[in-house]
Amino acid sequence: MTADGRDPGLQPERTRLAWRRTTLSCTVVAILAVKQALHGGASPAAVVAVSLSGLAWLGFLLVAHRRVLGMGTARPEPLSARGALTAAACTLALAVFATAMLF
């Protein structure tokens, strides 16, 4: 443990694992969206919703990948406001598109 109370070994590892778990969850949501769209028939609205879900998933994957790579340094930089906003927007978009496919 350093003088500032930061654990240089485990804290970044826990953060990396959290980003990977969240990425896995987003992947499952995107796959379930595709399954739901195909199960209900491939209507034009379902195709658009799945396409937008895929785009949101790719955006989140990019942010998460950059963050996981950034956690590999001895003193990782904090997540930028842009990165946090992008991750939140992608998560919200996945929820909205999944809800839109239900109706």
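**Notebook: pocket and helix pair**

I began with the largest pocket, and its volume comes to about 290 Å³. My pocket is an open set of points on a 1 Å grid over the protein atoms alone, where a 1.4 Å probe fits, with protein on both sides within 12 Å along at least five of seven lines. The volume is the space filled by probe spheres set on the points, which are joined across faces, edges and corners.

A note on the source: this is a predicted model, where local features need pLDDT of at least 70 and side-chain atom pairs count only at pLDDT 80 or more, while totals for chains, interfaces and linings use all residues. Residues are numbered from 1 along each chain as its sequence is written, and side-chain values use heavy atoms, leaving out hydrogens and water.

Next I looked up the lining (residues with an atom within 4 Å of a point). I found 13 residues there, with Val63, Arg66, Ser80, Arg82 and Gly83 nearest the pocket's centre. Helix α2 (44–70) and α3 (81–102) each supply at least two of the lining residues, and α2 gives the most, with six.

Then I turned to the helices, which are DSSP runs of H or I with at least four residues. The chain has three helices and zero strands. The axes of α1 (residues 10–39) and α2, lines fitted to C-alpha atoms over the stretch in contact, come within 10 Å and cross at roughly 170°. I therefore noted α1 and α2 as roughly antiparallel (angles over 145 degrees, on a scale from 0 to 180 between N-to-C directions). Their contact (heavy atoms within 4.5 Å) includes Trp19 of α1 and Trp57 of α2.

Terms used. Parallel < 35°, antiparallel > 145°, perpendicular 65-115°, else oblique.
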